[in-house]
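Grab a pencil and work through these exercises with the model open beside you. Each task comes with a solution that goes step by step.

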Amino acid sequence: MMKLKKSIILSVLTIGFAMIANAQDGQEIYESKCAVCHILGKDATGPNLIGIKAKWEGEEENLYEWVINPGELLASGKSERAKVAEQFSPAFMTPQDLTMEEAIAVIEYADTYEAPAAEAPAAEEAVAPSADAEEETIVYVDNYEKNLTLFKFFLFIIGILLLGIYIVSRSTTALISSELYREKIAEIHNKSKKGGKALTALLVIGFIGSSQIVSALSFTAPTPSAAELELWVYVTSQDLNALVVITILLLAFLLHMINMFYKALRLIKPKDKKAAEEQAASFTRALTGATPIEDEDKVDLGHDYDGIRELDNPMPPWWVALFVVTIIFSVVYVFHYHILGTGQLQEAEYNRSVEKANIEIAEYRKKNAMNVDETNATLMEDPADLMAGKALYQNNCTVCHKEDGSGDIGPNLTDAYWNYGGDIKDVFKVIKLGAPKGMPAHESTFNPIQIQQVASYVLHFDEVSQADGGKEPEGEKVE
């Protein structure tokens, strides 16, 4: 009968207290005193409090006493559920400065808490395309760096073709200058007048077209988005198309010259073996520029060394062509790199590569800013980071360590004594993973940057000695 009366009285008191302390009061108390260790919806340093009243069924009055002073309830020995709750975490729950009404409000809020439902995205309204949208055109932006690489490639190919044309023309000139085949070359020339006229017409048409093509090589200024590239020339797609056409024309001209050269050789080919050998020797002399044996007296310099005469033979056409190419290349190189400054020397190119790499590193660090843990945490000195750490500390740590870090339930954070090390990495680890002596883990509460900010703020505390009200030292002294 007495138990029934107590239950009725307790129920009335519970309802009355619940009416006085509403859900809003319970939420404010929970967020200020309980959210450090408890996460609604899952276990953390403390257990999940949703549905907690069902777990303490039959011991509701003990549940509220546990919230206010768990140590006192456990020492009384009247609650079996308190003994079970003690084993949940090595971090023992500290007494809370709450009234019975406030404890009931906290439990009512946590027990019936429901996570806010995610707002369903509003249905997108179908918008008919406007006339302006239909008229919009896609603006193509050239890739100037890629185009410059292709530009250099085409210049190289054009240079090779010009070199080939020069060599074939020199060889043809040497062949025509041979007295042995002068008459037959004249006959071939008479027979090839029509072909020569056709070739002349082809060249005229080609150069007329090329004049129009060269006008396309405008190398206009880049778009504003590409101005920071700082290239020595900006090549557009139209410029590349013009270079392709020029390359094709030069290739066709070279192939035609080679074809005409071999046609001439086939037409003057002798039928007897001796004449064929003479022609082969003459052809070799035409390519190498050597003087026939019977004409060596014309190029004899008069120097005789033990029967070896010095002759003034001309250089081979291919060698002369390569020599001319090297001279042209050296002149272009000097103007490009040293006079006009349109090209980057090795040092400038290196500095530009380093600057580009630094930008990429900064972007990578910004993108991966959350990749901070207890192995690579660094002490922050930026005032903005320290202010952010201060705000996080005041909202989550002052209950145990006081606002100035002098220590209350937790140790003094301002002196040189530390339980788990005083380095930034050690402090980061304790905040993140917690510690056996009652320090809860904040890995689920803070992100890595926030943990680093709090740890940095803690290491910037001014010392509060025991004589000034600070808690007595704990742990080992760290220099």
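**Exercise 1: a helix crossing**

The axes of H16 and helix H19 (residues 448-458) come within 7 Å and cross at roughly 90 degrees. Work out how to class this crossing and describe the residues in contact.

Step 1. Axes are lines fitted to C-alpha atoms, for helices over the stretch in contact, with angles from 0 to 180 degrees between N-to-C directions. Helices themselves are DSSP runs (H or I, at least four residues), numbered from the N terminus, and strands are runs of E, at least two residues.

Step 2. Now the contacts (heavy atoms within 4.5 Å). From H16 come Asp385, Leu386, Ala388, Gly389, Lys390, Leu392 and Tyr393, and they meet Gln450, Gln453, Val454, Ser456, Tyr457 and Val458 of H19.

A note on the source: this is a predicted model, where local features need pLDDT of at least 70, side-chain atom pairs count only at pLDDT 80 or more, and totals for chains, interfaces and linings use all residues. Residues are numbered from 1 along each chain as its sequence is written, and side-chain values use heavy atoms, with hydrogens and water left out.

**Exercise 2: aromatic pairs**

How are the rings of Tyr393 and Tyr457 arranged?

Step 1. The structure holds 7 aromatic pairs (ring centres of Phe, Tyr or Trp, its six-membered ring, within 6.5 Å; planes under 30 degrees apart are stacked, over 60 edge-to-face, the rest tilted).

Step 2. For Tyr393 and Tyr457, the centres are 5.7 Å apart and the planes sit at 55 degrees, so this pair is tilted.

Step 3. Tyr393 belongs to helix H16 and Tyr457 to helix H19, so the pair ties together parts 64 residues apart in sequence.

Step 4. Check burial (buried is under 20% relative accessible area, exposed over 50%, partly exposed in between; 1.4 Å probe, protein chains only). Tyr393 counts as buried at 1%, and Tyr457 is buried at 14%.

Step 5. Tyr457 also pairs with Phe461, edge-to-face, at 5.0 Å centre to centre and 65 degrees between the planes.

**Exercise 3: the end of H16**

Is Asn396 buried or exposed, and which backbone oxygen lies 2.8 Å from a polar atom of its side chain?

Step 1. Asn396 lies in helix H16 (residues 383-396).

Step 2. With a relative accessible area of 17%, Asn396 is buried.

Step 3. The backbone oxygen is that of Leu392, 2.8 Å from a polar atom of the Asn396 side chain.

Conventions: Polar contact = N/O pair within 3.5 Å; in protein donor to acceptor, adjacent residues only side chain to side chain. Parallel < 35°, antiparallel > 145°, perpendicular 65-115°, else oblique.
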